[in-house]
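This report describes how the elements of one chain pack against one another. Please keep the sequence and the model in view while reading.

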Amino acid sequence: SFDEDGKEQLGLLKSRVTRMYQLLEGILRYSRIGRGQEEKEVLDLNGLVSEVISALLPVEGFKISIIGDLPPIFADKTKIYQVFQNIISNAIKYNDKPVGEVKIWCETNEENGLHYFTIEDNGKGIPEEDFERVFKIFQTLEADKNSAENTGVGLTLVQKIIKKYGGKI
């Protein structure tokens, strides 16, 4: 049996092991992008983004809405799922408002046929001086470096996937 200090130390150990596991998983996901066989298909983004939202289980009072219809795209479902999952989960996790809100929409440039996706939230945002840094692996903006949820891999993964498809974030 543990006293209070022992229980606290065990909890700290558990959270650090969880963080290490998540870091390793993130590194593996990052290293796999661009390797191996992709299963590209025409994706219904309205359905895929709805799946992501359902899986993330936003807290009560948090509103996520898709404005208009998202276009179908030809891509690997797992990779595009990861893009939306990472961005939307960050919008939920780092929101500092009593009522969180995320809006997702797409505009298509008819001249060049490119899609411009926007995922906008009412959270605290990212300071302009950190715009480049948030896409570097293992970089986080949160002060709590011990949090098991902050691996600094998510946005790096998103950027790599988007660049792989010829886009930019």
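## Basis of the description

Helices (H or I, at least four residues) and strands (E, at least two) are DSSP runs, numbered from the N terminus. In those terms Ile87, to which the report returns below, lies in helix H3. The model is a predicted one, in which local features need pLDDT of at least 70 and side-chain atom pairs count only at pLDDT 80 or more, while totals for chains, interfaces and linings use all residues. Residues are numbered from 1 along each chain as its sequence is written, and side-chain values use heavy atoms, with hydrogens and water left out.

## Overall composition

The chain has 4 helices and 5 strands, and from the N terminus on these elements follow the order α-β-α-β-β-α-β-β-α. Of its 169 residues, 34% count as buried, where buried means under 20% relative accessible area, exposed means over 50%, and partly exposed lies in between (1.4 Å probe, protein chains only). Contact is taken as heavy atoms within 4.5 Å; among the contacts in the chain with a separation of 6 or more, 69% come from residues 24 or more positions apart.

## Helix H3 against helix H4

The axes of helix H3 (residues 77-93) and helix H4 (residues 154-164) come within 9 Å and cross at roughly 140°, which makes H3 oblique to H4. Axes here are lines fitted to C-alpha atoms, for helices over the stretch in contact, and angles run from 0 to 180 degrees between N-to-C directions; angles under 35 degrees count as roughly parallel, over 145 as roughly antiparallel, 65 to 115 as roughly perpendicular and the rest as oblique.

On the H3 side the contact involves Lys79, Gln82, Val83, Asn86, Ile87 and Asn90, which meet Gly154, Leu155, Leu157, Val158, Ile161, Ile162 and Lys164 in H4. By class, the residues of this contact are 7 nonpolar, 4 polar and 2 charged (Ala, Val, Leu, Ile, Met, Phe, Trp, Tyr, Cys and Pro count as nonpolar, Asp, Glu, Lys and Arg as charged, and the others, Gly among them, as polar). H4 is mostly covered, with 8 of its 11 residues buried, including Leu155, Leu157, Val158, Ile161 and Ile162. Ile87 is buried as well, at a relative accessible area of 19%, and its C-alpha atom is separated by 7.9 Å from that of Val158, 71 residues apart along the chain. Leaving aside neighbours within four places in sequence, Ile87 is in contact with Ile119, Leu155, Val158 and Ile169.

## Helix H2 against helix H3

The axes of helix H2 (residues 45-56) and H3 come within 9 Å and cross at roughly 50°, and H2 and H3 are therefore oblique to each other. H2 passes H3 in a right-handed crossing. In this contact, H2 contributes Leu45, Leu48, Val49, Glu51, Val52, Ile53, Ala55 and Leu56, and H3 contributes Lys77, Ile80, Tyr81, Phe84, Gln85, Ile88, Ser89 and Ile92; the classes represented are 12 nonpolar, 2 polar and 2 charged residues.

## The aromatic pair

A search of the whole structure finds 1 aromatic pair, under the rule that rings of Phe, Tyr and Trp (its six-membered ring) pair if their centres lie within 6.5 Å, with planes under 30 degrees apart counted as stacked, over 60 as edge-to-face and the rest as tilted. The rings of Phe84 and Phe117 have centres 6.2 Å apart and planes at 85°, so the pair is edge-to-face. Because Phe84 lies in helix H3 and Phe117 in strand S5 (residues 115-121), the pair ties together parts that are 33 residues apart in sequence. Phe84 is buried, with a relative accessible area of 5%, while Phe117 counts as partly exposed at 34% relative accessibility.

## The segment after H4

H4 is followed by Gly166, whose phi is positive, near 85°. Tyr165 is also found in the segment after H4 and is partly exposed, with a relative accessible area of 28%. Apart from its neighbours within four places in sequence, Tyr165 is in contact with Glu38, Lys40, Phe74, Ala75, Asp76, Lys79 and Ile80; the C-alpha atoms of Tyr165 and Phe74, 91 residues apart along the chain, are separated by 9.9 Å.

Lys168 belongs to the segment after H4 and counts as exposed at 79% relative accessibility. The C-alpha atoms of Lys168 and Tyr116, 52 residues apart along the chain, are separated by 9.7 Å.

Methods. Left-handed = near helix turned anticlockwise from the far one by under 90°.
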